Amino acid sequence: MSNRIKVLKTYKIFIDGKFPRTESGRYVKLVKNNIPIANVCLSSRKDLKNSVASARKIFDSWVSKSAYNRAQIMYRIAEMLESRKEQFIEELILQGYNKEKSIVELDKSIDRIIYFAGWSDKINQVFGSVNPVASSHYNFTVLEPTGVVGLISSEESPLLGLISLIIPAIVTGNTTVTIASEKYPLTSISLAEVISNSDVPGGVVNILTGSKSELIPHLAKHMDVNSIGFTEEKKDLRDQIYLDAVNNLKRLVEIPKSKIESEEIESPYIIKKFMEAKTTWHPIEKDFTSSNSY
Amino acid sequence: MSSKIKPLKYHEKLNFSPSLENTDSLSLKKEYQLFINGRFQKPLSNKYFASINPANENKIAMVAQANEKDVDLAVKAARNSYESHWSKTPPKERAKYIYRIARIIQEKAKELAILETLDGGKPIRESRDIDIPLAAAHFFYYAGWADKLDYAFPNRNPKPLGVVGQIIPWNFPLMMAAWKIAPALATGNTVVLKPAESTSLTALKLAEIIQEADLPDGVVNIITGPGSTGEMIVNHPDIDKIAFTGSTEVGKTIMRSISSTSKKSTMELGGKAANIIFEDAPLDQAVEGVINGIYFNQGHVCCAGSRLFVQESVYELILRKLKDRMQSLVVGDPLDKNTDIGAINSKQQLSTINNYIDIGKKEGADIFQLSCDLPAKGYWCPPTLFTNVSQSHRIAKEEIFGPVLAVQTFRTTEEVITKANNTPFGLSAGVWTDKGSKVFNLTSKLRAGVIWANTYNKFDPTSPFGGYKESGHGREGGLHGLSPYLNIE
Amino acid sequence: MQFTINNKVDKVGIEDRIARITKRSLKSESKLAGLKMVLSMIDLTTLEGMDTDKKVQQLCYKATHIHNELPDLPNVAAVCVYPTMVKTASNALKDFDVKVASVATAFPSGSSSLKIKIQETKEAIFNGADEVDMVISRGKFHSGEYNYVFDEIATIKETCGSDVRLKVILETGELGDYDHIRFASEIAINAGADFIKTSTGKIKPAATLPITLVMLEAIKDHYYNTGKMIGMKPAGGISNSKLALQYLLLVKETLGDLWLDNHWFRFGASSLANDVLMQILKLKKGYYQSNNYFSKD
């Protein structure tokens with residue numbers, strides 16, 4: 001058996017529910033302890049453009065799904081991840097994680113998906129409101145997804161970091177384009193494979209590997225991205241994101257790194273950050289005879 | 001409609017005699033100072049600018065122009081009062097101060113309404129019935145939140161942000177001040193507020209009211225000046241948050257200025273709202289909604305329904321009704337109780353509007369304007385609408401901020417949703433149909449923060465207001481208007 | 001003919017519109033002109049079970065001598081009475097330009113056979129009525145027998161002929177909502193009504209501004225569809241000048257100049273005239289009046 005030549009996995013990127021190579025043809029060798037472990041796509045701005053386009057295209061249909069349905073799909077992701085837990089642990093170890101840490105990362109990730117999945121059909125019950133306006137109108141506020149959300153994965157916590165951004169965003173109907181950790185890119189592509197097998201429509205999640213410093217400015221400036229979620233970045237990069245986002249007034253969701261690892265992030269407030277409040281007014285026709293004072 | 005039938009006429013019988021609001025209750029100073037640390041102080045700049053009545057171009061009063069040092073004094077006062085007492089004032093006590101302000105506004109409602117109309121040009125009917133009552137109601141509503149924040153954000157231990165800088169526009173001067181100050185105080189912040197250059201006076205009256213309410217010194221500071229004074233607030237290092245209402249362009253400039261800081265922000269910016277009429281709508285009320293949507297406050301409304309979409313089958317009918325209804329709009333002296341359309345707020349804004357009207361004509365759209373006598377002095381624009389407009393016309397794309405309506409048609413629900421959302425803005429939208437299921441479809445598909453279904457331009461302190469996309473972020477009003485002033489992490 | 005409710009009315013919207021009208025302010029000369037116009041549009045009405053010849057004669061005298069102190073005042077438009085009083089009124093008014101209007105068709109309930117309604121109408125006209133105020137069959141309307149309602153109006157109009165103007169009372173207080181008021185207005189107009197009228201005065205609410213606006217809009221749409229003008233008569237509950245002026249402003253801003261004329265707009269009222277007179281006197285003299293100085297007939 002030991003003589004058998006191992007079939008190596010090609011890590012491609014995840015756009016529109018498919019796994020293409022980067023259109024640029026560029027890749028970088030991922031090396032750990034001087035041993036090359038995989039080739040990783042160096043996604044280009046065109047890959048980013050295609051990802052945003054696919055996220056935009058599927059938005060209307062994803063947001064129109066019932067909250068119940070989206071919750072089940074989230075739960076399905078957790079199920080799929082649980083069943084492929086060993087592969088992920090192996091992959092983390094391969095990328096330099098220690099075993100214990102890897103197991104914790106997986107357990108937390110799966111539990112976190114389930115935590116957020118449950119909010120799908122509850123967030124509006126907690127944060128929506130019926131507003132008692134003084135005039136004869138029925139007035140209510142609901143939260144709606146912001147739209148196409150760009151996500152920048154933290155460098156550490158390669159799986160938990162991704163989950164903690166992607167799931168809170170998509171659970172309410174946002175669609176996403178994620179730039180993966182440069183240091184630990186493999187897990188993100190494996191997560192894409194899980195997502196692709198979990199009834200998540202193509203385009204709802206797009207994941208790109210490559211150079212963050214190359215891709216982030218294109219994401220931050222992109223006029224069809226409505227929001228960007230990211231964990232702490234270096235000050236100059238962070239400031240650049242803030243500056244570029246002004247182009248089309250993207251909402252920025254900056255999450256402290258410490259929160260990713262702790263359970264503090266498991267609250268509806270992170271979900272809410274990827275949502276907009278919409279208020280609707282409609283007249284109330286009171287009884288015909290009761291209100292005429294003229 | 002047969003072409004032989006003559007349009008109805010509206011101007012020969014029973015015309016209005018002048019019916020001017022009595023201005024005796026108004027007391028005005030010649031010169032207004034900066035309100036810093038509970039006192040009215042002469043500006044260190046030693047400079048003043050004139051506040052002009054746009055209805056007759058007369059000077060109403062001189063207003064202090066704050067420079068960098070004045071801004072610094074105001075921020076220091078706000079910081080000091082925040083640290084030394086306001087953050088320690090029991091919420092119940094905070095509430096009582098805010099209630100007091102609400103009550104005094106109600107008491108001085110008439111004076112405030114007259115001043116708002118003199119200074120800004122809006123009809124007395126609106127300042128009396130809308131601006132001032134809503135300003136008081138806003139304080140009244142948020143006062144009650146001060147000691148109930150733990151119920152708004154259970155288990156989050158909400159904390160104020162500190163000192164907030166607030167910059168407000170000239171279209172609803174006192175109401176915007178209330179929208180900004182009331183929630184900031186209720187949540188325990190202190191405030192440096194700058195009203196718009198052309199409409200400072202009611203904010204300064206509010207400063208007098210705040211003094212009368214005995215609010216501790218420095219909790220609210222109101223400083224006046226042009227855009228550059230606003231910039232100084234934005235860039236002051238000791239400000240924790242900027243709340244801005246104004247144009248998308250200036251909003252972006254502010255966002256760039258604070259991009260490398262940890263300042264938080266709320267932005268209420270521009271809009272180009274779609275107002276959509278389906279053939280099954282209550283058509284006469286829809287027309288009224290269109291009128292109210294675009295000609296309210298001379299169209300100086302960020303959520304104005306400036307793009308009208310009419311289902312083709314009722315297009316001629318709606319246009320006829322709209323034109324007839326426009327005939328009974330009264331344009332003229334804002335102090336006259338019968339005036340529907342007052343003066344354009346400033347010379348500069350008038351030229352912006354006129355420029356867009358020229359663009360509309362040059363782009364080939366057909367113009368219809370109410371023909372009416374306009375006063376010789378002052379800044380005026382009659383109610384205007386353009387037909388023969390398409391999505392690519394500039395008058396259908398850009399915010400005009402004047403009484404100018406662009407009318408387009410549509411055939412299907414899908415088509416109109418696409419067209420309505422085909423804009424970088426997303427502040428508000430209107431839908432008119434008698435069919436409930438259609439209402440709910442549209443309200444969920446339209447990408448805007450406020451949807452008026454079978455009504456338009458309604459406001460209430462309990463109702464969150466704010467935009468999607470380039471119309472800004474954050475909400476003002478209601479429960480959702482609290483979190484932008486709190487740390488609830 | 002198939003009738004369906006096509007034109008919907010939003011109640012809150014229509015009341016918002018009225019709120020704006022009621023905040024209009026008529027001052028000085030325009031107020032005086034308005035008050036005189038109101039006076040000229042009044043159908044001075046007595047519709048009581050205890051009406052007598054004497055009572056009607058007194059009312060007719062009032063109608064033609066509205067206030068002797070002010071000779072330049074217009075007469076009211078008409079005196080409105082029960083069919084049995086038409087002859088009395090007609091005699092009393094024969095030398096004056098004041099019309100005689102008669103209610104008919106089993107006023108106020110309308111609960112009678114068409115045959116009797118036709119007969120009653122004929123008698124009223126024979127006795128000298130210039131105008132007939134009929135009521136619609138509300139029961140039939142509610143049970144969906146719109147053709148019956150339509151045919152009945154058309155038949156009464158046929159009975160009236162072209163010289164006698166027919167006012168059709170919808171009794172809006174019994175119609176349930178604005179959508180049905182609009183719908184009933186359309187049926188009446190299409191069946192040949194010369195006027196549509198809100199109420200008998202026997203049911204509350206009687207005339208209101210929003211109800212009147214709904215009916216004015218129906219009249220307006222009919223005008224633009226056919227070129228034909230239909231008159232409007234709110235009746236019942238309009239007892240003071242301020243309210244009457246608001247009605248005029250409603251007409252002014254909805255139908256415009258053409259309808260600001262007693263040929264096309266009437267008030268059905270009994271005590272309005274004196275309040276208008278008091279207001280006119282107040283404008284002329286500058287101090288408030290007492291109704292002790294105005295004849296009550």
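Biologist: Which residue stands opposite B:Phe49 in E5(B)?

Modeller: That residue is B:Val63. Please bear in mind that this is a predicted model.

Biologist: How many bridges join E4(B) to strand E5 of chain B, and do they run parallel or antiparallel?

Modeller: Five bridges join E4(B) to E5(B), which covers residues 59-64, and the two strands run antiparallel.

Biologist: What is the order of the strands in that open sheet of chain B?

Modeller: The order is E1-E5-E4, three strands with mixed pairing. Strand E1 (31-32) and strand E4 (48-52) of chain B are the edge strands, each pairing on one side only.

Biologist: Turning to chain A, how many bridges join strand E1 to strand E2 there?

Modeller: Six bridges join E1(A), residues 27-32, to E2(A), residues 35-41, and these strands run antiparallel. Within E2(A), A:Pro36 is the residue opposite A:Val31.

Biologist: And what lies between the strands of that hairpin?

Modeller: Two residues lie between E1(A) and E2(A), and A:Asn33 in this hairpin adopts a positive phi near 50°.

Biologist: Now the contact of chains A and B: how many residues does each chain give?

Modeller: Chain B gives 31 residues and chain A gives 26 residues. On the side of chain B that touches chain A, the elements giving two or more residues are helix H9 (248-257), helix H15 (436-445), strand E18 (450-453) and strand E19 (472-473) of chain B.

Biologist: Which element has the largest share on that side of chain B?

Modeller: E18(B) does, with four residues. By class, the residues on the side of chain B that touches chain A are twelve nonpolar, twelve polar and seven charged.

Biologist: In which sense does E18(B) pair with strand E10 of chain A?

Modeller: E10(A), residues 275-283, pairs with E18(B) in the parallel sense, over three bridges. A:Trp281 has B:Trp452 in E18(B) as its bridge partner.

Biologist: Last topic, chain C. At what angle do helices H5 and H7 of chain C pack?

Modeller: H5(C), residues 114-126, and H7(C), residues 146-160, pack at about 30°, with their axes 9 Å apart.

Biologist: Why are H5(C) and H7(C) called roughly parallel?

Modeller: The angle of about 30° is under the cut-off of 35 degrees, so H5(C) and H7(C) count as roughly parallel to each other. Their crossing is right-handed.

Biologist: Which residues of H5(C) and H7(C) meet?

Modeller: Among them are C:Leu114, C:Ile118 and C:Ile125 in H5(C), and C:Glu152, C:Ile156 and C:Cys160 in H7(C). The contact of H5(C) with H7(C) has five nonpolar, three polar and three charged residues.

Terms used:
Residues are numbered from 1 along each chain as its sequence is written. Chains are lettered from A and ligands numbered from 1 in the order in which they are written. This is a predicted model: local features need pLDDT of at least 70, side-chain atom pairs count only at pLDDT 80 or more; totals for chains, interfaces and linings use all residues. Two strands pair if DSSP finds at least two bridges between them. Two residues are in contact if their C-beta atoms, placed from the backbone, lie within 7 Å. Ala, Val, Leu, Ile, Met, Phe, Trp, Tyr, Cys and Pro count as nonpolar, Asp, Glu, Lys and Arg as charged, and the others, Gly among them, as polar. Axes are lines fitted to C-alpha atoms, for helices over the stretch in contact, and angles run from 0 to 180 degrees between N-to-C directions. Angles under 35 degrees count as roughly parallel, over 145 as roughly antiparallel, 65 to 115 as roughly perpendicular and the rest as oblique. A crossing is left-handed if the near helix is turned anticlockwise from the far one by less than a right angle, and right-handed if clockwise.
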